[in-house]
Amino acid sequence: MEQSEKTINPMDLIKKIEVALNDSLETISKCVSINELNSLTVMTVGKKSQLIELRSQLKNVEVSARKEIGKVLTDALEKVEETFKLKQSELNLIAEQNYDRNDLTEFWAKLDNTYKVKTGGLHPVTEAQWDLEEIFISMGFSVTDGPEVETDWYNFEALNIPKDHPARGMWDTFYLESGVPETVLMRTHTSPVQIRVMKCYSPPIYTVMPGRCFRRDTPDARHLATFHQIEGLVVDKGITFAHLAGTIEKFTTSYFGPNIHARLRPAYFPFTEPSAEFEITCTVCSGVGCRTCSMTGWIELGGCGMVDPEVFFAVGINPEEWSGFAFGFGIDRLVQMKYSLNDMRDLIENDLRLLRQF
Ligand code: DAH
């Protein structure tokens with residue numbers, strides 16, 4: 001039985017080894033990128049290579065010829081391995097030369113015929129945040145900061161979003177393992193800063209509150225899991241919806257220029273009543289209608305409304321005496337609009353080719 005399996009003619013096996021060797025060398029030599037070569041490792045020098053497969057046939061050759069064929073096979077394997085390694089260093093070198101690196105030694109730049117130290121620049125989102133702060137300061141607002149780690153009470157409860165309220169679904173939340181489960185979280189919006197401001201200061205209040213927010217969103221062209229919002233809050237005597245509409249229109253034209261306008265559409269937020277979404281003229285088509293704005297000419301930017309009396313009760317402000325409006329919108333979205341960026345994720349990739357343009 002054992003005898004009959006040993007049927008392979010030694011010369012045939014040697015021929016097969018030669019073919020496999022030439023085949024493997026050709027495959028390696030044809031690779032043009034390191035990734036391509038690496039993806040062929042198993043097929044050329046790994047377990048699935050033709051030569052390794054032929055090695056398993058060695059036992060089917062008569063014993064007297066095995067030693068010689070074994071040597072041919074080992075030589076072939078060594079040759080392929082050596083060629084693979086040479087190709088690998090060659091392609092690695094090319095990849096390194098082509099790799100667009102942030103060369104930290106490259107901080108001298110030739111400007112106006114003299115060498116100057118290149119300094120970094122502000123990230124477009126930081127720049128937008130600072131520009132917005134300037135605009136609101138010029139309109140009489142102050143700027144207030146709040147914590148990124150919040151409690152459930154500030155982020156939801158005090159904003160009239162009780163535990164089982166369906167609106168909580170709008171804010172997929174990162175909870176922290178701290179204290180009672182689901183009580184400490186990464187803020188999902190800047191609205192909790194409104195609550196902190198109203199608890200700390202008595203009206204009249206005119207303030208904007210920019211900052212980072214966090215949601216369990218899968219990043220896509222229009223969403224990031226970490227993003228920036230700016231919140232606005234006004235509490236004074238006799239504040240009406242007209243003040244809100246005027247403020248939003250004023251900030252829109254100040255930021256985007258006189259051709260871009262704002263409009264309000266009815267919406268629902270638990271902490272404002274009535275509530276609205278505000279939209280601005282699409283910056284891509286200037287309102288004519290295009291794919292970005294689904295042919296409507298308008299792009300949604302944020303939410304706003306008159307502060308709900310429940311919110312005033314939560315912070316101890318008398319809604320009979322005071323009224324107010326609030327708004328909040330995404331700064332990253334605003335930057336995306338301003339520069340017509342197709343994909344918001346570009347803002348967090350730190351690609352200097354993009355960042356240097358701002
Ligand atoms: N916090 C809301 C959100 O993240 C946005 C918002 C809507 C803020 C209405 C407001 C407001 O202040 O009045 O979706």
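The structure is a predicted model, in which local features need pLDDT of at least 70 and side-chain atom pairs count only at pLDDT 80 or more, while totals for chains, interfaces and linings use all residues. Residues are numbered from 1 along each chain as its sequence is written, and side-chain values use heavy atoms, with hydrogens and water left out. The ligand is surrounded by 16 residues and sits in the largest pocket.

**Ligand site**

- The shell around the ligand holds 16 residues, and the closest are His189, Ser191, Arg215, Gln229 and Glu231; a residue is near a molecule if one of its heavy atoms lies within 4 Å of it.
- By class, the shell residues are 6 nonpolar, 8 polar and 2 charged. Here Ala, Val, Leu, Ile, Met, Phe, Trp, Tyr, Cys and Pro count as nonpolar, Asp, Glu, Lys and Arg as charged, and the others, Gly among them, as polar.
- Glu231 has a side-chain N or O atom 2.6 Å from an oxygen atom of the ligand. A polar contact is a pair of N or O atoms within 3.5 Å.
- Ser191 places a polar side-chain atom 2.9 Å from a nitrogen atom of the ligand.
- Ala326 takes part through its backbone, a polar atom of which is 3.3 Å from an oxygen atom of the ligand.
- The protein buries 93% of the 350 Å² that the ligand exposes when taken alone; these accessible areas come from the Shrake-Rupley method with a 1.4 Å probe.
- The ligand sits in the largest pocket. On a 1 Å grid over the protein atoms alone, a pocket is an open set of points where a 1.4 Å probe fits, with protein on both sides within 12 Å along at least five of seven lines. A molecule sits in a pocket if more than half of its atoms lie within 2 Å of its grid points.
- Two or more residues of the shell come from each of α9 (191-200), β7 (226-236), β10 (298-307) and β11 (323-330). Helices (H or I, at least four residues) and strands (E, at least two) are DSSP runs, numbered from the N terminus.

**Cis peptide bonds**

- Most residues other than glycine have a negative phi, and most peptide bonds are trans.
- Pro203 and Pro204 are joined by a cis peptide bond with omega of about 5°, and Pro204 belongs to the loop between α9 and β6 (205-214).
- A cis bond also runs from Glu273 to Pro274, with omega near -5°; Pro274 is part of strand β9 (residues 272-281).

**Positive phi angles**

- Met295, which is not a glycine, has a positive phi near 65° and is located in the loop between β9 and β10. Met295 is exposed because its relative accessible area is 58%, where exposed means over 50%, buried under 20% and partly exposed in between (1.4 Å probe, protein chains only).
- Asn350 is likewise not a glycine, and its phi is positive at about 55°. The loop between α12 (331-338) and α13 (352-355) contains Asn350, which is exposed at a relative accessible area of 55%.

**Individual residues and their spacing**

- Glu320 lies in the loop between α11 (309-315) and β11 and is exposed, with a relative accessible area of 75%. Its C-alpha atom is separated by 9.6 Å from that of Lys237, 83 residues apart along the chain.
- Asp220 lies in the loop between β6 and β7 and counts as partly exposed at 31% relative accessibility. Asp220 and Asp343 are 123 residues apart along the chain, yet their C-alpha atoms are separated by 7.5 Å.
- Gly70 is in helix α6 (residues 63-98) and is buried, with a relative accessible area of 14%. From C-alpha to C-alpha, Gly70 and Leu58 are 7.4 Å apart in space and 12 residues apart in sequence.
- Phe251 is a residue of helix α10 (residues 241-256) and counts as buried at 1% relative accessibility. Between Phe251 and Arg215, the C-alpha atoms are 26 Å apart in space, with 36 residues apart in sequence.

Key:
A polar contact is a pair of N or O atoms within 3.5 Å; within protein, one must be able to donate a hydrogen and the other to accept it, and residues adjacent in sequence count only if both atoms are side-chain atoms. On a 1 Å grid over the protein atoms alone, a cavity is a set of points where a 1.4 Å probe fits but cannot get out, and a pocket is an open set with protein on both sides within 12 Å along at least five of seven lines; lining residues have an atom within 4 Å of a point.
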